[in-house]
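Good morning, everyone, and thank you for coming.

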Amino acid sequence: MTDQSDSSRPPIRYYPDDPLALNPNLEDVEAPDPLTDRPRVRVVDTTGALPPPRHYEPGTRAFLDWQLEEALHRGVVRWRSLLPEFTAWQGGRSTLEAVADEGVDLNAFYDRRALHFFHRDDPQLGRRVWSGESPDVACHEEGHAVLDALRPDLWDAASFEVAAFHEAFGDISALLVVLDDENVRRSLLEQTSGTLRKSNDVSRLAEELGRAARDLFGPSVAPPGCLRDAANAFTYRPPAELPTDAPASHLSREPHSFSRVFTGAFYDTFAALASFPAGVPDSDSIVRASSLLGSSLARAVRRASLESRWMRAVGEAWVVELAFDPAAAGVVRLALERRRIAPGGPSEAEAPHWDEHGSFVGDLRALGRLREPGLAWPGPGTRATHEWRIRHGAPRLRRLRVA
Ligand SMILES: [Zn+2]
């Protein structure tokens, strides 16, 4: 038998969801040992080595370091479980650095060299907001790096849709990591009374950063209570038809704004599948649904061909990946059609649908029989459209945009 005492690590305190999420609050967890991760993220301090793992007070630099280390470790573990082939960062690197605090800014970004985090004081909130303290923000940025490892060709693609998808994948990454925490799942079920499509602590992303953004820059930059909400009602429109920028309440082709369409479709499918087949979700069904969707989406991303209607291309590949599970494939197809990411769709009369409270109406199992997976949609759109050729400024920084 293994001597457990040899492998035990000292406890740290950890926010399993954003610090401003209502519940759950701090957890005591064993300090991560990221040296065992492949690939791994190495959190760096301006002074170099991290302080020893301990019970530090939230709001201190030492707490930030270990909070970030744990969130990014959880992210690696989660993505490795969903896609075991994910073993290296972009360029075949085994280690990616994360700089816990690079100075005064209300931001975070990934730039292929590292994950970068900042801080800014919010006088109204009465405290310093560290972007790296939120698992939503940390795992969003890590999600950019995961996607960059899976599909490095997306990084320089001059497409509003691809840029928006990069942001959506970051937010989906945050959802998948946060949902992996049992206390979060229990809190989610209590808060929503099982109706997961209602806005909640998990669907609301980067609550603290969103709050500070509203305090510092005004109410148009973020919805109340978060930076972005996966439980949203935005539907796809060709980016050429969207304004270049808009208040957070409206859709624009700015990648973070536009990303909400795909994130919303992902969240729709999660909420529906987590309620299947019993009709009400429980902790196990949440794990099953999020794992199935995260894994199949990651595989779809790897196989989808790069084209101007990228979201639709990923959606088609996603349904194909789920061919072994017709009900899940049908739910994904329905969500993509209702978000207008995919064309067509069953008529209102024949299709199972979500009612205004977010409950699923109809026989979910019938969804898989509405069409054979992967066959019904029209072919991909014309490549090299106008938007496809627009070049973004270099270097491309994947920013968690707040202003
Ligand atoms: Zn981002």
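Let me start with confidence: this is a predicted model, and the protein averages a pLDDT of 85, with 83% of the residues scoring at least 70. Confidence is highest in helix 3, residues 135-150, at a mean of 98, and lowest in helix 12, residues 386-389, at a mean of 22. Over residues 1-5 the pLDDT stays under 50, and the model has one contact beyond four places in sequence for that stretch. Residues 363-400 also stay under 50, although for them the model has 79 contacts beyond four places in sequence. Where pLDDT is low, the predicted coordinates should not be read in detail.

Now the overall picture. The protein has 12 helices and 13 strands, and of its 403 residues, 48% are buried. If we take the contacts with a separation of 6 or more, 68% of them come from residues 24 or more positions apart.

Next, please find strand 3, residues 40-44, whose covered face carries V41 and V43, while R40, R42 and V44 are on the uncovered face. Strand 3 pairs with strand 4 in the parallel sense, over five bridges, and R40 stands opposite T95 in strand 4. Between these two strands the chain passes through helix 2, and this β-α-β crossover is left-handed. Helix 2 itself is mostly covered, with 17 of its 22 residues buried. Its end C-alpha atoms are 32 Å apart, which agrees with the 32 Å that 22 residues should span at 1.5 Å a residue.

In the loop between helix 2 and strand 4 we find G92, which counts as exposed because it has 9 C-beta neighbours inside 10 Å, and the cut-off for exposed is 12 or fewer. G92 and A149 are 57 residues apart in sequence, yet their C-alpha atoms are 8.0 Å apart in space.

How many of the 12 residues of helix 9 are buried? The count is 11, so helix 9 is largely enclosed by the rest of the structure. Among the buried ones are W310, M311, R312 and W318, and what covers the buried residues includes helix 4, helix 7, helix 8 and helix 10. From its first C-alpha to its last, helix 9 reaches 16 Å, close to the 16 Å expected at 1.5 Å a residue.

Helix 10, residues 326-338, contains A329, and A329 counts as buried because it has 24 C-beta neighbours inside 10 Å. The C-alpha atoms of A329 and E316, which are 13 residues apart along the chain, are separated by 10.0 Å.

Finally, some details of the backbone. Most residues other than glycine have a negative phi, and most peptide bonds are trans. With that in mind, look at the peptide bond from R38 to P39, which is cis, with omega near -5°; P39 has its place in the loop between strand 2 and strand 3. A206, although not a glycine, has a positive phi of about 55°, and it lies in the loop between strand 9 and helix 6, where it is buried, with 26 other C-beta atoms within 10 Å. R340 is not a glycine either, and its phi is positive at about 65°. R340 lies in the loop between helix 10 and strand 11, and with 17 other C-beta atoms within 10 Å it is partly exposed.

Notes. Residues are numbered from 1 along each chain as its sequence is written. This is a predicted model: local features need pLDDT of at least 70, side-chain atom pairs count only at pLDDT 80 or more; totals for chains, interfaces and linings use all residues. Helices (H or I, at least four residues) and strands (E, at least two) are DSSP runs, numbered from the N terminus. A residue is buried if 20 or more other C-beta atoms lie within 10 Å of its own, exposed if 12 or fewer, and partly exposed in between; C-beta atoms are placed from the backbone. Two strands pair if DSSP finds at least two bridges between them. A crossover is right-handed if, with the strands pointing away from the viewer, the path from the first strand over the helix to the second runs clockwise. Two residues are in contact if their C-beta atoms, placed from the backbone, lie within 7 Å. The expected span of a helix is 1.5 Å times one less than its number of residues. pLDDT is the predictor's confidence in each residue, from 0 to 100.
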